[in-house]
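Here are a few friendly notes from my read-through, in numbered points.

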Amino acid sequence: MEEDTDYRIRFSSLCFFNDHVGFHGTIKSSPSDFIVIEIDEQGQLVNKTIDEPIFKISEIQPEPNNFPKKTKLDLQNLSFEDGRKQEVNTLVMYTDGDQSHQSGSEKEDTINDGTSKCEEKADVLSSFLDEKTHELLNHFACGIKEKWLSKTELIGPPPEFSIGRILDKNQRASLHSGIRQKFPFLITVGKNSEIIVKPNLEYKELCHLVSEEEAFDFFKYLDAKKENSKFTFKPDANKGHRKAVHHFVNKKFGNLVETKSFSEMTCSAGNSNVVITVRFREKAHKRGKRPHPECQEGKVIYTAFTLQKENLEMFEAIGFLAIKLGVIPSDFSYAGLKDKKAITYQTMVVRKVTPERLKNIEKEIEKKRMNVFNIRSVDDSLRLGQLKGNHFDIVIRNLKKQINDSANLRERISEAIENVKKKGFVNYYGPQRFGKGRKVHTDQIGLALLKNEMAKAIKLFLTPEDLDDPVNRAKKYYLQTEDAKGTLSLMPEFKVRERAVLEALHRFGMTEAGCIRAWFSLPHSMRIFYVHAYTSKIWNEAVSYRLATYGARVVEGDLVCLDEDVDDENFPNSKVHLVTEEEGSANTYAIHQVVLPILGYNIQYPKNKVGQWYHDILSSDGLQTCRFKVPALKLNVPGCYRQILKHPRNLSYQLIEDHDIDVKMKDPHLDEAALSLLISFDLDSSCYATVCLKEIMKHDV
């Protein structure tokens, strides 16, 4: 197939994966037609009122539900009934940010209820594995360890051991984690519900740099993924050796963790040793120089709540809340962005505000079509992606057949929904990721930031649309005059982001340094949002090119995810496999296992036409030498991988005549016999309902 050079023109529109006919309809006729409810990490809908006060998020225990959380086996006393129920009693705890440095051996004993022994992991594995399989697993592990200790090189491909097929997803997840926790020198991968155990070659490589005890504890720490925890290697006075450890950790796991060195005084001679500390990547919450009035004894207060908003942009809602509470927008954290023209429910956390103070503004914010409830104290802020997914309740009105389609409308709708339910949809980023502006999209701003074109990015940020309203009049005035002070007097108060940027420009000027200070007036989550918009746009174009070039076949050079239980984008390179020529010819993998990289400094590209496409696009955008780091704005983009197909879960639907629905937006021309579709489903985090609906309807929504 001959390839076009102008990929952007050819693949800018989204393509479909299914071959049904589809139908026409209208979504978001009113906000109440599109309800979005966040699903938290425990699998619970956040719009449910919490009956009893909850003081710490870490104390919430997962309950059985039909959208279960993938289990990490830092657990003991785990039991399953009918493959679904879980009882969680004890969690492995690592040092948190306020504790002093501990060696790996000390961390092993830092546990809730004071218990943590490898033998208990064996008890958990015994509950899932028969005696023979358990014994063979131990024998396999001992064999690998003995070969490494004897410094015998493994000849040929690494040995493998199969646990067998485990049909229950929860049990598979528990076994994956249980094996890695007990034997950190092994890795596990999933293939068609089968668990394969292999030597962890990265563990062996680390053992050349640090003691085996440290390597053992480090890989246990990585697998546990304990939020806000840290791991500290033993003190090391050799700078060159420390550099090698830093390099190893960042090269292999830089998308998950970051490393820093700290001086540590020895008691004997007053000499200064240096330790390397590893932390999971997340937004750092640095304490200000002056303690906030509500920060008792220097401890920052965090208050969580459920935010309900209607027909309101999320950042506008945050800006209004910040004004009423006397804090700044960056004091708010959230797990994900939500639609504007909808009724949405999501968890948020605000710093330096007590629950009582938040309750005091409930009446005021109702005027802005907002409501807050489930208000409680918590230990820390939220981070992006800290959710299980979202639940959607959607009404599609004005249903019609496609032009020249003679089939029955009800049959067409049923066929389309069942098709996508079975085969899935292309996992595109939705249009809301890129903004609704006609002149400027958020991805263009992100591209300018990646190219360190700070002034251009500011001008794009303040570019007006062809609309005559106060916001766009203010933006137009600024581009004509670069008078930040005058623009501030024109910019409405509720445009918090624009006003923050303008205030910085007024203070520091439209110089390169001034523009950098202006970008720093926005929270980190907002700065990185623009860069992610660009990488998301490229991913959308890449998946269109991939499907147009190779279709549903898995071919040589494709990237596949070996772990079937991965349901987000944050999985390491070790979980990604490059398809060989033999595997492509033998149809070893299915299309739902294929992933594509989201741009960053720690990803690999496909080794086929798709990989070349990535390099050509980066070159045409002037990013051929880009390292995906913007030091001036403290932005690091390690990259990750995204599955090209996703499936809606718990999908149900009902066709109903419009007069049976509570129609909030009256239409005098509405045909009373017209059908509407009520559809409900769950999607994983970072999936878009509008994209799923477009695949169902075969029509722009």
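Predicted model: local features only at pLDDT ≥ 70, side-chain atom pairs only at ≥ 80, totals over all residues.

1. Let me begin with Phe628, which sits in the loop between helix 21 (609-620) and strand 21 (629-630). Its phi is positive, about 55°, although Phe628 is not a glycine. As background, most residues other than glycine have a negative phi. Phe628 has a relative accessibility of 3%, so it counts as buried.

2. Lys634 also deserves a look. Its phi is positive as well, about 55°, and Lys634 is not a glycine either. Lys634 is placed in the loop between strand 21 and strand 22 (635-636). Is Lys634 buried or exposed? With 55% relative accessibility, Lys634 counts as exposed, whereas Phe628 is buried.

3. On to charged pairs: how many salt bridges does a search of the whole structure find? The search gives 24. One of the pairs is Asp331 with Arg351, whose closest N and O atoms are 3.0 Å apart.

4. Asp558 is in the loop between helix 19 (524-550) and strand 18 (559-561), and Arg546 is in helix 19; the pair links distant parts of the chain, 12 residues apart. Asp558 is buried, as is Arg546. Returning to the pair in point 3, salt bridges with shared partners join Asp331, Arg351 and Lys352 into one network.

5. Glu493 and Arg499 form a salt bridge too, and here the closest N and O atoms are 3.7 Å apart. The cut-off for a salt bridge is 4 Å. Arg499 has a relative accessible area of 14%, so it is buried.

6. Now for a helix pair. Two packed helices are described by the angle between their axes and the distance between the axes. Helix 13 (residues 442-450) packs against helix 14 (residues 454-461) at an angle of about 165°, and their axes are 8 Å apart. Because angles over 145 degrees count as roughly antiparallel, helix 13 and helix 14 are roughly antiparallel to each other. Their crossing is left-handed.

7. Which residues meet where helix 13 and helix 14 touch? Helix 13 contributes Gln444, Ile445, Ala448 and Leu449, and helix 14 contributes Met454, Lys456, Ala457, Leu460 and Phe461. By class, the residues of this contact divide into 7 nonpolar, 1 polar and 1 charged.

8. Lastly, please look at Gln593, in the loop between helix 20 (581-585) and strand 20 (594-598). Gln593 has 6% relative accessibility, so it counts as buried. Leaving aside residues up to four places away in sequence, Gln593 touches Leu559, Val560 and Cys561.

Terms used
Residues numbered from 1 in each chain as written. Heavy atoms only, no water. Salt bridge = Lys/Arg side-chain N within 4 Å of Asp/Glu carboxyl O. Buried < 20%, exposed > 50% of the residue type's maximum accessible area, 1.4 Å probe, protein only. Helix = DSSP H or I, 4+ residues; strand = E, 2+ residues; numbered from the N terminus. Axes fitted to C-alpha atoms, helices over the stretch in contact; angles between N-to-C directions. Parallel < 35°, antiparallel > 145°, perpendicular 65-115°, else oblique. Left-handed = near helix turned anticlockwise from the far one by under 90°. Contact = heavy atoms within 4.5 Å. Nonpolar A, V, L, I, M, F, W, Y, C, P; charged D, E, K, R; others polar.
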